[in-house]
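Please keep the structure open while reading.

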Amino acid sequence: MCLLPGHFSKLAPTQNVRIDPNSISFSMWKDIPVPFYMAVHFFEVLNPKDVLQGAKPVLNQRGPYVYREFRYKTNITFHDNDTVSFLEYRKLFFQPDLSNGTEDEYVVVPNILMMGAAVMMENLPSFVKFLLSGALAGLKQEAFMNRTVGEIMWGYEDPLIDTINMIVPGLIPFKGKFGLFKELNNSNSGLFTVNTGMKNISRVHMVDTWNGLKKVNYWRSSQCNMINGTAGEMWPPFMSPTSLEFYSPDACRSMTLVYEQSGKFEGVPTYRFVAPKTLFANGTDYPPNEGFCPCMQSGIQNVSTCRLNAPIFISHPHFYNADPALVDAVEGLHPSKDQHGLFLDVHPMTGIPMNCSIKLQLNLYIKQVSGIIQTGKIKPVVLPLLWFAESGSIEGSVLKQFYTNLVLIPSLLDYLQYIFLGLSVPLIISAAVLMAMSQRAGAKKSPCHPTTQSKPPPSSETTPLLHDADTLSQDDAEA
């Protein structure tokens, strides 16, 4: 009995966190009730004309422009092999009251399509670049553009798309509007198939396939192409303070975070996991990352192979944890762990995140490209475009339900275990005392009944006291 509460405290999380329509966490997993927000910060280029002449870019951070993010799953299909497939959609809604600015504000940023295409065409024959340069002049395209936040985020019509595809068919394999987050809103992140944990709780939420793949083919090594960990929403229960993994479709790779410290969020015990310095390190500084190359400085990752071959790099905001040369190549960056470091606070018993903030920066590699006069004398630089933070924490009735069912009750049951154990000690002592008193009472009662004879115990070399008592009784009889 005294072991039951401790057993139940482990059984409860096991039953409640598996992907089962009858579990407490299923509705939370299906339609995430946590209020998520995405805060976007743009880097405005203050000296575009000087940059064209070879000067260092001077940047000014704008924003944040905040969006409420809703996530929900559809096409939920359970399979016989202890897995479930689903599509997760995201919808974003601008929040003026939480933002420092509006989507109608203009920001000067690099002409992403033009500068990206120029770098992509650098090694093509000169006459092709000459044709592009002439077309750019006819369309009045320049290296920097002045567009609204909404246009950069969600898309704008640009005749350059059709022009580039006419000169170099397939270079930009899409039509219509171009926007950095155009494919993010009202879209899914791919078909995930994950373990339900019904048969093996240690595998719950672990990714089995993504879009039917066991591995991706973006990178140059098998290790870098592996799909590891979960889908980034929950993890198996009974976590150890070491590391956690998840597959990120946005980064086109699996990512590993490491344990930093233990703490509490609104009374709930948590483990904090953060990004190691090796996350975006280059292959020279961290050989396992060689498969993500071609690399430049440590602290940025080339994602061109999964972003239409455009010269796009991801990093921590303000090049936090990156090679100082990246920070020094521009003016206006101030990397800080508190403001730019990502973290996940996870309840280790259940593997459910309580508080998180995932931060990434998008960067464009720009330079002078011979034959394309619009690129001027721009010196090679990895130029920050924007950074964003997706943040959320459990609160309100969800937090109360979580705390009651998965923290308070198991804790009470653990306390009961020790209470039962404490009560059992005096009970055992009392039983032993009563037994001893009963035996003593029986021993005193025997001389009062001389007519009652009992068979003496057999003599034994190992029981000399009984042997002496038997001899003594025979001597008394002869007397």
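## A helix pair

The model is predicted. In it, helix H5 (residues 126-138) packs against helix H7 (residues 160-167) at an angle of about 160 degrees. The two axes lie 10 Å apart. Angles over 145 degrees count as roughly antiparallel, so H5 and H7 are roughly antiparallel to each other. Their crossing is right-handed.

Which residues make the contact between H5 and H7? From H5 come Val128, Leu131, Leu132, Ala135 and Leu136. H7 supplies Leu160, Thr163, Ile164 and Ile167.

Strand S14 spans residues 352-366. Is S14 mostly covered or mostly uncovered? It is mostly covered, with 14 of its 15 residues buried.

S14 pairs with strand S12 (residues 312-315) in the antiparallel sense, over four bridges. Here Phe313 has Asn363 of S14 as its bridge partner. S14 also pairs with strand S15 (residues 381-393). These two strands run antiparallel and are joined by 12 bridges. Within this pairing, Tyr365 faces Val382 of S15.

Val346 stands opposite Pro353 in S14.

S13 and S14 form a hairpin with four residues between the strands. Which phi does Gly351 take in this hairpin? Gly351 has a positive phi near 75 degrees.

## A buried asparagine in a loop

Asn282 sits in the loop between strand S10 (268-274) and strand S11 (300-302). Is Asn282 buried or exposed? Its relative accessible area is 10%. The limit for buried is under 20%, so Asn282 counts as buried.

One of its polar atoms lies 3.2 Å from the backbone nitrogen of Thr284. The side chain of Asn282 also reaches the backbone nitrogen of Asp285, at 2.9 Å. Beyond its neighbours within four places in sequence, Asn282 is in contact with Asn289, Cys295, Met296, Gln297 and Ser298.

Methods: Residues numbered from 1 in each chain as written. Predicted model: local features only at pLDDT ≥ 70, side-chain atom pairs only at ≥ 80, totals over all residues. Heavy atoms only, no water. Buried < 20%, exposed > 50% of the residue type's maximum accessible area, 1.4 Å probe, protein only. Polar contact = N/O pair within 3.5 Å; in protein donor to acceptor, adjacent residues only side chain to side chain. Contact = heavy atoms within 4.5 Å. Pairing = 2+ DSSP bridges. Axes fitted to C-alpha atoms, helices over the stretch in contact; angles between N-to-C directions. Parallel < 35°, antiparallel > 145°, perpendicular 65-115°, else oblique. Left-handed = near helix turned anticlockwise from the far one by under 90°.
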